[in-house]
Amino acid sequence: MSKIKLLGLSGSLRQASCNTQLLREAGHLFEGSELTIADLKLPLFNEDDETATGIPPAVQTLSEQIAQADAVLISTTEYNKGISGTLKNALDWISRTRPNPMIGKPVAIMSAAAGRAGGERAQVMLRNCLVAFRPRLLQGPEMLLAGPTKEFDEDGHLISDTYRKTLGSLMEALREEIR
Ligand SMILES: Cc1cc2nc3c(=O)[nH]c(=O)nc-3n(C[C@H](O)[C@H](O)[C@H](O)COP(=O)(O)O)c2cc1C
């Protein structure tokens, strides 16, 4: 049986990003899946540039990756009570590609952030930003990883049973949505 194709969008470009790690753990918990982490290091959106030279190849690639995925996972960090500029920039670019690659697409969101709420405000903002794409956005369970740097073991797996179960349940819900 062919593997379920998951595409992960991480809100952080940091090499050791906890959000990217959380995406990898989600892919690990989703048995029978194959996770690709998208490259969100894109040019800053500027409508003048778009008019002059069109959609950049990296954005076109990202849009096609989304269209071809069975489901999309988005993990956002929280920067100053909102999603990162990296993630917003990527969403703005994706919204300029046609056809909308995320319409009807099963999407699960999560967050990892240093504060006690684990990026809850950023997740609320992300949910709002996704409305325009009309995805099949899972309502829960909410995966909010607080103080994430101490939550992964040396192999990159979540240490806490509670967090692992929540992420596992979110992936089960996503599997149902894909069906
Ligand atoms: C510019 C900046 C703003 C931040 N603002 C918040 C914030 O509002 N809430 C929060 O919980 N953490 C905040 N943090 C801490 C991040 O949540 C933390 O660095 C997180 O691990 C980054 O995600 P990453 O590990 O995927 O890079 C901020 C960090 C930076 C660099």
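I count a residue as buried if 20 or more other C-beta atoms lie within 10 Å of its own, as exposed if 12 or fewer do, and as partly exposed in between, with C-beta atoms placed from the backbone. The model is predicted; local features need pLDDT of at least 70 and side-chain atom pairs pLDDT 80 or more, while totals for chains, interfaces and linings use all residues. Residues are numbered from 1 along each chain as its sequence is written.

**Positive phi.** I looked up K81 and found phi near 70 degrees, a positive value in a residue other than glycine. K81 is partly exposed, with 14 other C-beta atoms within 10 Å. K81 sits in the loop between β3 (71–76) and α4; helices (H or I, at least four residues) and strands (E, at least two) are DSSP runs, numbered from the N terminus. R134, also not glycine, has a positive phi near 50 degrees. R134 lies in the loop between α5 (120–130) and β5, and counts as exposed with 12 C-beta neighbours inside 10 Å.

**Cis peptides.** I noted a cis bond from R98 to P99, with omega near -5 degrees. P99 is in the loop between α4 (85–94) and β4. Another cis bond joins G140 and P141, with omega about 0 degrees. P141 is in the loop between β5 (136–137) and β6 (143–146).

**Ligand shell.** I listed 16 residues around the ligand, the closest being S12, S17, T77, A113 and G115; a residue is near if its C-beta atom, placed from the backbone, lies within 6 Å of the molecule. The elements giving two or more residues to this shell are α1 (18–29) and β4 (106–113).

**Helix pair.** I found α1 and α6 (residues 161–178) packed at about 65 degrees, with axes 9 Å apart. Axes are lines fitted to C-alpha atoms, for helices over the stretch in contact, and angles run from 0 to 180 degrees between N-to-C directions. E25, A26 and L29 of α1 meet L167, G168 and M171 of α6; contact requires C-beta atoms, placed from the backbone, within 7 Å.

**Core.** The largest nonpolar core has 44 residues, and L9, A26, V72, A90, V107, A108 and L170 touch the most other members. Such a core is a set of buried Ala, Val, Leu, Ile, Met, Phe, Trp, Tyr and Cys residues joined through C-beta atoms within 7 Å. β4 gives the largest share, six residues. I then checked L170: leaving aside neighbours within four places in sequence, L170 is in contact with A108, M110, L138, P141 and M143.

Key
Two residues are in contact if their C-beta atoms, placed from the backbone, lie within 7 Å.
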